[in-house]
Amino acid sequence: MSLSNGKLHPVTVTNNGGDVKKAFKIFVGYDTKEDLAYEVCRHSILKRSSIPVEIIPIKQSDLRKSGLYWRERGQLESTEFSFSRFLTPCLANFEGWALFVDCDFLYLADFKELTDMIDDKYAIMCVQHDYAPKETTKMDGAVQTVYPRKNWSSMVLYNCGHPKNKVLTPEVVNTESGAYLHRFQWLEDEEIGSIPFVWNFLEGHNKVVENDSTTFPKAIHYTRGGPWFEAWKNCEFADLWLNEMEEYMKEGKKKIEE
């Protein structure tokens, strides 16, 4: 995936069978304070995906250089991608489907299972949480905010070619309010498809029900803060993230040695 003239150009990936397919584009929110979280999220997707995927970090510094992002950072923006995430359809050239996901996710299932749920009648699809956190801070001390449809925008399948999503130009993303963007106010309710909560399983909020496989997480979202932050090193499912991190580190070390 290359960035030129403000546009990302997709690459093709060859499957083992020799078929050439366009890789499914996954845009991951990147924050300089959470580089390791991004790498582990990326590793968890690539390790388990049975379909070709192309993972692209949404880096605010790159978007500023290319003239796609110029918004000043507000006091309540807990990450560098609080608003740049909504450039996903634009970065995908308003073509096909693409995923945006926060970097504080750990995928435990094959990404193909998620894409199998895609329905072209929707403009977007996401987990429709009813989430009101009790904590006043998160991550490394960032202010925890409460608003309608909180966490809906943390993982979104975008139908990038849908006419309604063409409104998400750089101009709109850089000037519209947080309410307009995070609550998907450019869409009607019936244009938002639903994904099972296990694909955006909120650590500290969602619960696994014993012997009920429909409640087992397929993607854990460490929305309060993950084990890469000192304050959250003992959070729920910390062991799963740390195991994935160790595997990522070992593979990186092996590549360096080779």
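This is a predicted model: local features need pLDDT of at least 70, side-chain atom pairs count only at pLDDT 80 or more; totals for chains, interfaces and linings use all residues.

Trainee: How many disulfides does the count give?
Mentor: A disulfide needs two cysteine sulfur atoms within 2.5 Å. Take C90: its closest cysteine sulfur is in C160, at 9.9 Å, so that pair is too far for a bond. By this rule the number of disulfides is zero.

Trainee: Is C90 buried or exposed?
Mentor: Buried means under 20% relative accessible area. C90 has 11% relative accessibility, so C90 is buried.

Trainee: What is the relative accessibility of C126?
Mentor: C126 counts as buried, so its value has to be under 20%. For C126 the figure is 0%.

Trainee: Where does N211 lie, and what is its phi?
Mentor: N211 sits in the loop that runs between β14 (201–202) and β15 (219–221). Most residues other than glycine have a negative phi. N211 is not a glycine, yet its phi is positive, near 65°.

Trainee: Is N211 buried or exposed?
Mentor: The cut-off for exposed is over 50% relative accessible area. N211 has 74%, so N211 is exposed.

Trainee: Which loop holds F237?
Mentor: F237 is another residue with a positive phi, about 65°, although it is not a glycine. The loop that holds F237 lies between β15 and α7 (238–257).

Trainee: Is F237 buried or exposed?
Mentor: The limit for buried is under 20%. F237 comes to 17% relative accessibility, so F237 is buried.

Conventions:
Residues are numbered from 1 along each chain as its sequence is written. Side-chain values use heavy atoms; hydrogens and water are left out. Buried means under 20% relative accessible area, exposed over 50%, partly exposed in between (1.4 Å probe, protein chains only). Helices (H or I, at least four residues) and strands (E, at least two) are DSSP runs, numbered from the N terminus.
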